Amino acid sequence: MDPTQNELELNPAPAPGPEAHPPAEPPPAFSRSELTRALFLPHRAIALILGERERLAATVAGGPELGLTVILLLLAATAFALPYGAFSAAGGAGKAAVLFTVSMLICFPSLYIFNQYVGTGLRLEQTLAAAALFSAAAGIMSFGFFPIAWFLDFSITDQGTGAVSFRWLSNFLLAVAFGLGLLQVGRCFVWSGPFLRIGPAPKLLLLAWSGLLGYITFRMALVLGL
Amino acid sequence: MARILAVLIGCSALYGFAMGAVHSLDFALRNLVKFPALILLTSAVCAVAYYLFTLLISRNLSFVEVQRFSLRTFRDISLLLASLAPVGLFLARTLRQPDAEGLHDYPFFLGLNVFFIALCGSAALVRRGQRLLQRHRLDRKSTLLILAAWLGLSLFVGAQAAWYLRPFAGVSTIPAEVTPFFLGTRPDIRGDTNFYQAVYHLLQPPPLAADYHMYRW
């Protein structure tokens, strides 16, 4: 006799009442075809990174295409941040991309080593994916802000001289993009998804790392002359 | 989409005409272009950001749906404002105009227009929010978050767009002939060249220049 059948017979499931719901299916991880398509179609990449956070978390937690996911996130972080500087006087096309991606890469070793030290069991690629999600989400949000930055640049002339200059407003928009990038990391890896079961230590670690990342990003902005 | 745009442009032009009539026919005619331009510029500049903020909150709306939805909201605002255009026009032509003795009813007229715009904006947002709840299977919290994000973005960009395209009403003591179509980045009486700086200086007023009463565009 099939053992599962036996178990079912020994422990009959209670009859579903009017309020019983079937257990929710865990969200599926991204497939290779979905990720490959997102590499070539920017709108698909945006949808996967911002709109499918449960599936992204499932992919990072145990999906087979983690490497491709990391590549997609790093590529998105770089590509989507380019227009922000290119279409405004924010100081060169690559500066927003450098701001978000290089700052993350500088801080990434600390996140990985401390994670291992605390004993979360997250692998290198998983930690990199979590960190790269910050850069990707922040880069995508800066992409959303680039028409606004262009308009402000166009309509404000006294750059850097007035009390509220274009430079000040541009940095404000980049700070909002930074905050939303961190928020997306939190929504994927702290407040929902398969990472909910991990204890409070990694979450506190991520919080502390966010502070470090914020400070390094601020210093990077100074270095880049933003 | 073309019909939404046509109603939006027609209605906002009508309201702009009524607002400009407080100064002269010249200003009223200019606003036929400037007021729709203000709304279209704001919605175009914010379009990508509207979508990305929506995607952060819910994936139930596509890019096209978000744009259609934001245009419908602006159309509703324009339609509601157009219904108040006769009131605005009547007041514009009957209120006591600024002269050498003072501004008289002019500040009230400006305040009333701000109130009208806030009222119509709030009504359109509430109505469109209800549609979001019904049609796109969004919960109340997500709907509120999306509308708050859109409102914040629209105010952030729309305020500077209005500053750039000013004046919409003008002061009757400064003739239309010497007033450019829009003032753009020209400094105001306090030397401010953008909206955000003007707000900052409302909170932290700088000393006025000695000849501030001689100010012209």
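Predicted model: local features only at pLDDT ≥ 70, side-chain atom pairs only at ≥ 80, totals over all residues.
**Stop 1: the interface**

Now highlight Ile148(A), Phe151(A) and Val164(A). In chain A, these three lose the most area to chain B, together 22% of what that side buries.

**Stop 2**

Two salt bridges cross the interface of chain A and chain B. One of them can be picked out by name: select Arg59(B) and Glu52(A). Their closest N and O atoms are 4.0 Å apart. Polar contacts cross here too, with five residue pairs counted between chain A and chain B, both partners at pLDDT 80 or more.

Which elements of chain A give two or more residues to the side that touches chain B? Next, colour the chain A side by class.

**Stop 2: chain A as a whole**

Count the elements: nine helices and zero strands. Walk along the sequence and the pattern reads α-α-α-α-α-α-α-α-α.

The accessible area comes to about 11000 Å², and 68% of it belongs to carbon and sulfur atoms. How much of chain A is buried? Of its 226 residues, 48% count as buried. Then look at which parts touch. Take the contacts in chain A between residues at least 6 apart in sequence: 75% of them join residues at least 24 apart.

**Stop 3: two loops in chain B**

Bring chain B back. Select His104(B), in the loop between helix H4 (85–94) and helix H5 (106–135) of chain B. Check the backbone: phi is near 55 degrees, a positive value in a residue other than glycine. Is His104(B) buried, partly exposed or exposed? His104(B) is partly exposed, because its relative accessible area is 28%, between the cut-offs of 20% and 50%.

Finish at Pro167(B). Pro167(B) sits in the loop between helix H6 (140–165) and helix H7 (195–203) of chain B. Zoom in on the peptide bond from Arg166(B) to Pro167(B). This bond is cis, with omega near 0 degrees.

Terms used:
Residues numbered from 1 in each chain as written. Chains lettered and ligands numbered in written order. Heavy atoms only, no water. Helix = DSSP H or I, 4+ residues; strand = E, 2+ residues; numbered from the N terminus. Buried < 20%, exposed > 50% of the residue type's maximum accessible area, 1.4 Å probe, protein only. Buried area = accessible area lost by both parts, 1.4 Å probe. Salt bridge = Lys/Arg side-chain N within 4 Å of Asp/Glu carboxyl O. Polar contact = N/O pair within 3.5 Å; in protein donor to acceptor, adjacent residues only side chain to side chain. Contact = heavy atoms within 4.5 Å. Areas by Shrake-Rupley, 256 points an atom, 1.4 Å probe, with all protein chains shown as cover.
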